[in-house]
Amino acid sequence: MKLKIKMLIAVTAVFSLISCGKKNNGSESIQETEITAAKEEEHREEHVTIATLTEDQIKTVGITLGTIENKNLTASIKVNGALRVPNNNKANATSLYGGVVKSLKVQLGDYVLKGQVIATIENPQFIHLQEEYLTIGSKITLADQELRRQRELQEGNAGALKNLQSATADVNALRARKASLQKQIQLMGINPAGINNATLRSSLTVTSPVSGTVSSEFAKIGSYVDVSSPVVEIVDNSLIHLDLQVFEKDLPLVKVGQIVNFTLTNNPVTSYTAKVFNIGSSFENESKTVAIHCTVTGNKTGLIDGMNITAMISIGNALTAAVANEAIAEADGKYYIFAQTDKEPQKEHHAKADEKDHETEKKKTPAQSINFEKIEVSKGVSELGYTAVTPVKEIQVGTKIVTKGTFFVNARLSNSGEHEH
């Protein structure tokens with residue numbers, strides 16, 4: 001009996017030890033599983049770097065693509081200035097004779113060509129000039145006849161020398177008056193040879209002296225204008241240039257031929273380029289600045305005389321890779337850009353069933369879609385709407401990047417990462 005009790009106690013002890021061993025092993029297994037899962041989740045997070053967008057999404061959100069550009073953002077002087085058109089490319093369309101405006105043919109902002117009719121001016125005095133021109137011919141004929149008669153009398157010693165001299169003076173005066181009337185009528189835009197009793201005109205036209213854009217209107221229908229009263233002002237913006245105000249301390253750094261990048265003060269989105277062609281030799285008023293004149297190169301769309309600008313004068317040849325400010329996304333204290341790529345979104349799968357699901361998802365993905373890779377960059381100086389960047393990994397030259405709508409792409413990528421988890 002005692003032997004049986006001892007054997008029962010021994011068996012119970014063995015089972016207790018086995019049970020404890022299984023519990024320990026189970027606890028360790030659970031911990032290992034949790035660690036593995038955490039590592040896999042971290043691994044997945046590291047690989048969620050590619051976002052897929054359809055063309056419809058890109059169009060709806062307004063995402064635009066561009067490239068990494070080379071910009072003169074370093075070794076530059078920041079200055080202010082204004083757009084100017086030289087005075088020899090501005091003109092006032094005026095009437096050479098006073099009159100009342102009968103019609104206006106142009107409006108503000110219209111582009112006109114040299115010689116194009118701007119307005120018509122009406123004045124009865126115009127008819128009087130043409131009438132006098134028509135009648136002066138017969139007066140000259142009579143004066144010539146009187147001159148010949150006085151010569152004949154003088155040759156026959158029957159006439160007075162005084163009469164001959166008077167007849168000669170009359171002929172010369174009438175001929176001078178005819179030449180004057182002919183020039184005046186030509187300036188009115190009328191052909192003197194075509195004047196007759198049936199073609200007398202009471203109005204004349206005002207034409208544009210240069211080709212350009214109508215920038216100001218000074219007259220209206222019914223108003224009186226003369227030489228001192230211009231009808232409109234015309235500006236040729238094709239020869240627009242920059243007048244930059246550079247302080248004395250920066251003047252030694254400026255040289256003819258240097259490149260200038262500038263933006264409109266009220267619209268800094270678009271960047272323009274210019275080149276220094278002349279450096280002033282005197283101070284402007286009391287500002288202690290010197291005027292630097294620059295020729296606008298490339299695109300001139302939207303540039304108007306008088307606009308204020310902010311410019312960067314490149315004082316060196318150092319170029320740096322730069323992107324538009326809107327192309328940079330910030331997350332977790334780091335900066336990123338999104339580059340178009342042929343890579344597919346990376347996912348970790350450990351089971352065949354997951355692989356089948358992945359293949360099914362790929363089949364469901366629309367054919368017209370674009371993948372964007374999230375690439376970390378380090379930021380540099382920011383000027384004129386651009387920021388210098390240095391990608392942490394190499395990006396091929398010409399690779400398309402998102403320049404507008406980066407926030408949406410980043411949000412799309414974040415949503416994709418949460419869906420994988």
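The following conversation concerns the predicted model shown above.

User: What is the mean pLDDT of the protein?

Analyst: The mean pLDDT (the predictor's confidence in each residue, from 0 to 100) is 78, and 79% of the residues reach 70 or more. Because this is a predicted model, local features need pLDDT of at least 70 and side-chain atom pairs count only at pLDDT 80 or more, while totals for chains, interfaces and linings use all residues. Residues are numbered from 1 along each chain as its sequence is written, and side-chain values use heavy atoms, with hydrogens and water left out.

User: Let us turn to helix 3. Is Gln130 buried or exposed?

Analyst: Gln130, which belongs to helix 3 (residues 124-155), is buried, with a relative accessible area of 0%. Buried means under 20% relative accessible area, exposed over 50%, and partly exposed in between, with a 1.4 Å probe and protein chains only. Helices (H or I, at least four residues) and strands (E, at least two) are DSSP runs, numbered from the N terminus.

User: Which residues does Gln130 contact?

Analyst: Leaving aside neighbours within four places in sequence, Gln130 is in contact with Ile185, Met188, Ile190, Ile195, Thr199, Leu200 and Arg201.

User: How many aromatic pairs are there?

Analyst: A search of the whole structure finds 2. Rings of Phe, Tyr and Trp (its six-membered ring) pair if their centres lie within 6.5 Å; planes under 30 degrees apart count as stacked, over 60 as edge-to-face and the rest as tilted. Tyr97 and Phe126 are edge-to-face, because their planes stand at 75 degrees, with ring centres 6.2 Å apart. Tyr97 is in the loop between strand 5 and strand 6 and Phe126 is in helix 3, 29 residues apart, so the pair links distant parts of the chain. Both Tyr97 and Phe126 are buried.

User: And what about Phe262 and Tyr272?

Analyst: Their ring centres are 5.5 Å apart and their planes are at 25 degrees, so that pair is stacked. Phe262 lies in strand 14 (residues 259-264) and Tyr272 in strand 15 (residues 267-283). Phe262 and Tyr272 are buried.

User: Now charges. How many salt bridges does the structure hold?

Analyst: It holds 9 salt bridges, each being a side-chain nitrogen of Lys or Arg within 4 Å of a carboxyl oxygen of Asp or Glu. One of them joins Asp305 and Lys90, with the closest N and O atoms 3.1 Å apart. Asp305 is in the loop between strand 16 (289-297) and strand 17 (308-314), and Lys90 is in strand 5, 215 residues apart. Asp305 is partly exposed at 25% relative accessible area, and Lys90 is partly exposed at 26%.

User: Which residue does Arg149 meet in a salt bridge?

Analyst: Arg149 meets Glu146, at 3.0 Å from N to O. The two are 3 residues apart in helix 3, which means that about one helical turn separates them.

User: Which residues are linked in a network of salt bridges?

Analyst: Lys343, Glu373 and Lys393 are linked in this way.

How values were computed
Contact means heavy atoms within 4.5 Å.
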